[in-house]
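Hello,

Here is the structure for you to look through. My notes on it follow below.

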Amino acid sequence: MSAHKEPSNIGRVLSFLREWDRGGSTVRCRMVNSFLGKNTGKSLYELELEFADVASLFLARLTTWMRLTYMQGTFLGLQLKAIGIFLSASCHDQYLMEFLDDGGVLTLLVILSQSETNEDDKAEALHLLLTISNAGRKYKEFICEKHGVKIVAECMTMSNTNHTQETGRALMESLSYGNPTYQDQVYKSLIDLMSCTSPKAQQLVLQALRAVQLKQKTAHHSIVKPLLNMLRSPHIEVQTAAINLILDLRHYNVRGLLLSGLVTLLRPIRTEEEQQPKTQETERIEITGSLPEFLQQAAAAKTIRLVAEKDKELSEELLHLGVIQQLLHAMGNRKHTDSQIQASLALKHLVHLFPEIQKHIEGVMGSTLFAAFISKADTLYMNMDERQAESLL
């Protein structure tokens, strides 16, 4: 008889389980804390050695206790950590199947959907789901079948902590890999998530979309509008993530929509009131727009430059879309310095790529301003007076 099957060891385990069954919450908390201290990081073999080949009996008790008391929330964090020892154990397929059969995944999803659940417990529940998802396709499909994608997405948008949001993003990415049945569902759910209001969640969603998009043969056209809207963000991390995704999408079927959209953003659309004919008293040319529109304008100009630097063929497409006139318009936006800087840098790169457009641009700017533009495009706005700015609009 092997050491872990000796009567004394079996007796110890049975005594442990009897104490659990007879004990109240205080006793069980003490027992779980002791279990965590002794067994964190153990493999399936080591856990079975510790529990005389009946570790599954303790996992079942933990799962049931969590299912019956998670609404109280008092012991949830402890329960999740203890269950995590089983689910993260190497060669853990046995424990995973038992946890699924006992309704563990459904309970985790309900925990995530409860507004009363605190952020730490939500992060721990997401971590367990991530462990389960990483175990293989059948587990990913099981989570998705139980509306897991929708629940995780809602959890990310409602969360106010980075750890919960980051774990949610990792889970969404995991659910998309090696899961062809539900890959499109995850992809479209991430596209919908771009409309959330949390800057951190927006950044993480964009990063997840970028990773998931690489696995897609085509891009869904619904990605274009919300992605361009991300360029309005005052948060540089969100803008950078959006620009990186746009640069990736230049290889996909939506590149034409993105390029035309970027060019359009260089000239904020006026409202009906702003489009009224000017009287003699208001004949001075003025640029219109709000701060979010100007942030979007500057980010669009920056993205156009980065696209042009990476792909001359796309630069030619931009020329056909009238990007030169729109960049000149953005350069004349004295209400937003960064728009002027980014548009100047983009236009200078295009002049370098296509010398034949130089004469036209010099004709619009005038020789003095054009000389300053060629010399130092990023500081041109400092040398531009009101009359010169108006000539570009």
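C155 counts as buried because its relative accessibility is 3%, where buried means under 20% relative accessible area, exposed over 50% and partly exposed in between (1.4 Å probe, protein chains only). C196 is buried too, at 10%. The structure has 0 disulfides, a disulfide being a pair of cysteine sulfur atoms within 2.5 Å. For C155, the nearest cysteine sulfur is that of C196, 12 Å away.

This is a predicted model, in which local features need pLDDT of at least 70 and side-chain atom pairs count only at pLDDT 80 or more, while totals for chains, interfaces and linings use all residues. Residues are numbered from 1 along each chain as its sequence is written, and side-chain values use heavy atoms, without hydrogens and water.

Next, two helices. The axes of α10 (residues 148–158) and α12 (residues 183–193) come within 10 Å and cross at roughly 25 degrees. Helices here are DSSP runs (H or I, at least four residues), numbered from the N terminus; axes are lines fitted to C-alpha atoms over the stretch in contact, with angles from 0 to 180 degrees between N-to-C directions. α10 and α12 are therefore roughly parallel (angles under 35 degrees count as such). In the contact (heavy atoms within 4.5 Å), V149, A153, M156 and T157 of α10 meet Q185, V186, S189 and L193 of α12.

Lastly, D120 lies in helix α8 (residues 119–133) and is exposed, at 64% relative accessibility. Its C-alpha atom is 8.3 Å from that of H163, although D120 and H163 are 43 residues apart along the chain.

Regards

Key
Angles under 35 degrees count as roughly parallel, over 145 as roughly antiparallel, 65 to 115 as roughly perpendicular and the rest as oblique.
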